[in-house]
Amino acid sequence: MIIGIDLGTTNSAVAIWRDGKAELIPNSLGHVLTPSAVSWDADTKSLLVGLAARERQSTHPEDTITAFKRFMGSNRETRLGGKSYSAEELSALVLAQLKADAEAFLGEPVTEAVITVPAYFNDKQRKATRRAGELAGLKVERLLNEPTAAALAYGIHELSDESRFLVFDLGGGTFDVSVLEIFEGIIEVRASSGDNRLGGEDFNDILIEEFRRTAGQDIPDKDRGDPTLRERIRHAAERARRALSDSPSTTMSVTWKDKAYERQVTADDFEALSQSLINRLREPVLRSLRDSGIRSEDLSEIILVGGSTRMPIVRRAITRMFGRFPANAVNPDEAVALGAAVQAGLKSRDAALKEVVMTDVCPYSLGVGAGETTPDGRHLGITFSPVIERNTVIPASRVNYYSNSHASQRVVEIPIYQGESRNLDDNIHLGMVSVPIPSGPAGSVHIDVRFTYDINGLLEVDVTIPKTGETRQLVIADEDVRNDANFEKRREALARLKRHPRDDDANKTVLARANRCYEEALGDQRHWLGQQIGQFQAVLERQDPRDIEQARSELSATLDRFEGETWL
C-alpha cells in the first residue's frame, strides 16, 4: 500500500489513490490536516503529536516545537523531555502519526510512501526528509517536489492539449515556484525556483514585531523575554493574519497577568508592513520564467498552493505580477497531499494513470571546485564550475573538461558541490574524488568529469584521465537508496545515459549528412553550410536534449532545402 504525504511546515496531510481518484485520509480527530507539532507531556511522560501538541504551544512553550521543517538537513536540535531531537527525528514522529492514521482508516498496513518536499530543498534537506520517512517505518518510494504534486492535484495529468502552467506555492515556512509544460501526454517541469526561508511564519513575525512596538510597549520590561508571553503573541499574530484574509481589520489581543493588551490592525497596515516580504516573492518567479524560457503571457494558468496564498495581499501581488487573476480550482491546503497520492497511483501503476509520463528538474546546479586562471596564466583560486546546471531535466548526464593546473601535480582532487554561488563556501559540499595523473606541463593533462543524476537524487561522478585510461567513480546516495532492491537497476539506467550527444546515432547521422553536403558545395554555399554545422556542434556541446532535438530538426530541414529530402 503506497500513500502520498505532504510533510508541511505548519500542517501535514496524507492521501491515497484508489478507485481512480485521490482521497484525503482523516486523522483520529476527523481532520484531514494534522499540525506539524510535537510536545512533551510531563504528566504522561510521553510525546504528543498534532493538534494536541500545537494547543500546548502557548501554555507549554519550552516543551513544544513547531516549524521544525525549516531546519531539515541542519545540525539544530531541540530538547524535549530531557532528550535532544533533530528536525528529521521530529518529522519522523509526524510521519509515524500520519502512517498510523492511514492504517486505521484503510484497515491494512502501510509500508510505502511518496513524500513531498519543497522544490528548492537542497541535497542535505532531501536526504534528511528521506531519513525521516525511514525512521517512521516507511519505504520512501519517491521524494516529489511540492509544486509538481500540486500540478497533479490540479488535474494537469488529465489534459491533452499542449499547455503551460506556473505553480506558486507559498506555505507556512517555504516558497516555491515551478513552471510546467504538458505535451503529448508528458508533464515536464521546465524550471523551479524558490526561497526556503519565506512563508506564513515570516508574515506572522511582521505582526509580532508591530504588536511589540505598539501595544507591547506597555508590558513590563522584565516580562518581555518570557517564552509563554512570546508564544501568546505569536498565537495572536497567527489568528490576526488569518482573520485579515476575510476582514478589512482585526484586533490582536493578548492577556498577560490579568491585563489585556490590544492592537488593531487593518489590511492596509498589514500590506504596508509586509512589503519587503511581498517584494521577495518576485525574484523566484522571474528566475523560474527566465530559466524555463517561457513568457508569462504564454502561461495557461497560475495555480496557487499553500495556505499562505489565501492572504489577499499575496493574491493581489500575484495579480499585479501577471496582469491576471490566478486559478482557484484546488484547495491550497490539500493540493500537495492529493498530488502525492496521484504520484503514488503512478508508482503502483494504476490503470487510470498508465498513460501519464512525468519529468522533473534538478533544482540546484551540481558541479566541482576548479582552479581559475587569467589569460596571462595567473592563478585566481578555486571557484564553482557547474556540470549539471539548475533546472536541467532529469535524469541527465553531462560532461565537462578540465586540465592539470601545474606541472608537479601527481594527483588531482576534485571536490563535488551543489549550489549556485561562485564561492565554494556558499554551496553544499557533497564529496571528493581523487585520481592519479601523469606528469606534464600545466594544462597538458586532460580530465573528463561526468555527472549523472536521476530523479531519486542518485548522483554518479565519473572522473577519467584519457591519457592513461585511469577512472574513478563516486556514488552519492543515501544508505536507504543504496539498500533499495532497485538500486542496481537505477545505476544501469544511469549508465545508459553516459554518452555524449555527439555519439548518438541520430546526431551522428545528421552530422554525416551535413559534412557530405559541405564537401559537395562550393563558395558561399559551402561557407554557409559550415556555419550551420558549427552552430549544431555548439548545441551538442551544451548537452541539453531538448535544445539538441530542436537544433537537429532545424539542421535536417536546412539540408532538405539544400538537396531535397533524404531517401532510402
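Predicted model: local features only at pLDDT ≥ 70, side-chain atom pairs only at ≥ 80, totals over all residues.
View 1. Most residues other than glycine have a negative phi, and most peptide bonds are trans. A67 has a phi near 55 degrees, which is positive. A67 counts as buried because its relative accessibility is 13% (buried is under 20% relative accessible area, exposed over 50%, partly exposed in between, with a 1.4 Å probe and protein chains only). K257 also has a positive phi, near 50 degrees, and lies in the loop between β15 (249-256) and β16 (259-266). With a relative accessible area of 54%, K257 is exposed.

View 2. The peptide bond joining I394 and P395 is cis, with omega at about 5 degrees. P395 itself is in the loop between β21 (393-394) and β22 (396-403); strands (E, at least two residues) and helices (H or I, at least four) are DSSP runs, numbered from the N terminus.

**View 3. Aromatic pairs.** The structure holds four aromatic pairs, among them Y154 with F165, an edge-to-face pair at 5.9 Å centre to centre and 65 degrees between the planes. (Rings of Phe, Tyr and Trp, the last by its six-membered ring, pair if their centres lie within 6.5 Å; planes under 30 degrees apart are stacked, over 60 edge-to-face, the rest tilted.) Y154 belongs to helix α4 (residues 146-154) and F165 to strand β12 (residues 163-170), 11 residues apart. F203 and F270 make another edge-to-face pair, at 6.3 Å and 75 degrees. F203 is buried, at 0% relative accessible area, and F270 is buried at 2%.

**View 4. Arginines over rings.** R76 lies over the face of F71, 3.9 Å from the ring centre (the rule: NZ of Lys or CZ of Arg within 6 Å of the ring centre and within 35 degrees of the ring normal). R526 lies over the face of Y518, at 4.9 Å.

**View 5. The surroundings of S91.** S91 is in helix α2 (residues 87-106) and counts as buried, at 1% relative accessibility. Leaving aside residues up to four places away in sequence, S91 touches L7, F68, M72 and A132 (contact means heavy atoms within 4.5 Å).

Note on methods:
Residues numbered from 1 in each chain as written. Heavy atoms only, no water.
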